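Biologist: Could you walk me through reading a few features of this structure? I am happy to go step by step.

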Amino acid sequence: ITSSYYRGADGVIVVYDITDRQSFRNARGWMQEIEKYCTERTVRMLAASKCDLESKRSVSADEGREMAEDLGLRFLETSARHAHNVDEAFDALARDLAR
């Protein structure tokens with residue numbers, strides 16, 4: 001993804017796959033990129049996807065929460081398959097944008 005997709009964005013959700021540790025590692029790098037090209041007012045959130053695949057999990061929820069806390073972000077685990085926390089993620093982003 002090039003910076004033109006998120007430059008000047010009001011809100012950004014960086015998503016990693018709980019079954020793919022490399023995607024989790026990459027999430028921190030994406031957040032650093034966002035900080036370079038977005039303003040301090042840009043609302044950012046970290047979301048873990050595929051939480052329905054517990055048996056294939058390679059990134060714990062605690063690790064996700066810890067990264068989010070380190071970066072000062074809101075964190076949610078989601079599952080598109082089961083519609084778990086998907087609406088909540090976008091609702092939280094919208095609420096934060098409205099502040």
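**Salt bridges and neighbours**

Modeller: Asp 52 and Arg 81 form a salt bridge, with their closest N and O atoms 3.5 Å apart. The pair links distant parts of the chain, 29 residues apart: Asp 52 is in the loop between S2 and helix H2 (61-71), and Arg 81 in the loop between strand S3 (74-77) and helix H3 (86-98). Helices (H or I, at least four residues) and strands (E, at least two) are DSSP runs, numbered from the N terminus. This is a predicted model, where local features need pLDDT of at least 70 and side-chain atom pairs 80 or more, while totals for chains, interfaces and linings use all residues. Residues are numbered from 1 along each chain as its sequence is written, and side-chain values use heavy atoms, without hydrogens or water.

Biologist: What is a salt bridge, and how many salt bridges does a search of the whole structure find?

Modeller: Side chains of opposite charge can pair when their charged atoms come close. The rule asks for a side-chain nitrogen of Lys or Arg within 4 Å of a carboxyl oxygen of Asp or Glu. The search finds eleven. One of them joins Glu 33 and Lys 36 at 2.9 Å, N to O; these residues sit three apart in helix H1 (residues 21-37), so about one helical turn separates them.

Biologist: Is Lys 36 buried or exposed?

Modeller: Buried means under 20% relative accessible area, exposed over 50%, partly exposed in between (1.4 Å probe, protein chains only). Lys 36 is exposed because its relative accessible area is 58%, whereas Glu 33, at 25%, is partly exposed.
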